[in-house]
Amino acid sequence: MKQRKGLSTRSVVATGIGAAVFLILFKFVAIPTGIPNTQINVAEAWLSLLAAIFGPIVGGLVAFLGHALNDAISYGSVWWTWVIADALFGVILGLAVKKMNLINGDLTTKKLVGFNVWQLVANLIAWSVIAPLGDVLIYSEPASKVFLQGFVSTGINFVSVGILGSLLLVAYNKTQVKQGSLKEKD
């Protein structure tokens, strides 16, 4: 049997709908932090659910498209370093949770803790390293400003995904049939 290459129809649809929801959440459900261009939003929690369900490619594309569209609509131009960092967050989280098999209806406390450890790692890499370094190297932004933004974003996103993302994963898992739980009747 010939194996298909590329994204499945399901993944393409999930990417489109996921990016649209991400954009709406990113744009309209955001609370300013007092740090310039840094806000509390629930889009990252939504992204964590999509990355868990559909994997790293969909996670990365949803973040890339949703964040780029938000920047273009909100600011008139795209701040590519943060768009790339967001996409990287989706990819890292998607890779980590795919190996953990979080969405099979058997979400344990241990798996949820593992998810939150990995989302912290992904947040640290994306927001405390990639985004600020990119801002300094590409846009010649002041390091003190962008590293402050990055550290604040890391903390905010960690809490958002830790609370809302975990709740979304728990709710989603309740809709799934636990593997091996269906028995054939005699």
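**Close-ups of aromatic rings**

Searching the whole structure turns up five aromatic pairs (rings of Phe, Tyr and Trp, the last by its six-membered ring, with centres within 6.5 Å). This is a predicted model, where local features need pLDDT of at least 70, side-chain atom pairs count only at pLDDT 80 or more, and totals for chains, interfaces and linings use all residues. Residues are numbered from 1 along each chain as its sequence is written, and side-chain values use heavy atoms, leaving out hydrogens and water.

**View 1. F22 and F26 make a stacked pair.** Their centres are 5.4 Å apart, with 15 degrees between the planes (stacked means under 30 degrees, edge-to-face over 60, and tilted the rest). Both belong to helix 1 (residues 9-28), four residues apart, or about one turn of the helix; helices here are DSSP runs of H or I, at least four residues, numbered from the N terminus. F22 is buried at 0% relative accessibility, and F26 is buried too, at 7% (buried is under 20% relative accessible area, exposed over 50%, partly exposed in between, using a 1.4 Å probe and protein chains only).

**View 2. W82 and W127 make a tilted pair.** Here the ring centres are 5.1 Å apart and the planes sit at 35 degrees, so the pair counts as tilted. W82 is in helix 4 (residues 80-100) and W127 in helix 5 (residues 109-139), so the pair ties together parts 45 residues apart in sequence. W82 is buried, at 10% relative accessibility, and W127 is buried at 2%.

**View 3. K27 puts its charged end over the ring of F28.** That end lies 5.7 Å from the ring centre of F28 (the rule asks for NZ of Lys or CZ of Arg within 6 Å of the centre and within 35 degrees of the ring normal).

Conventions
Helix = DSSP H or I, 4+ residues; strand = E, 2+ residues; numbered from the N terminus.
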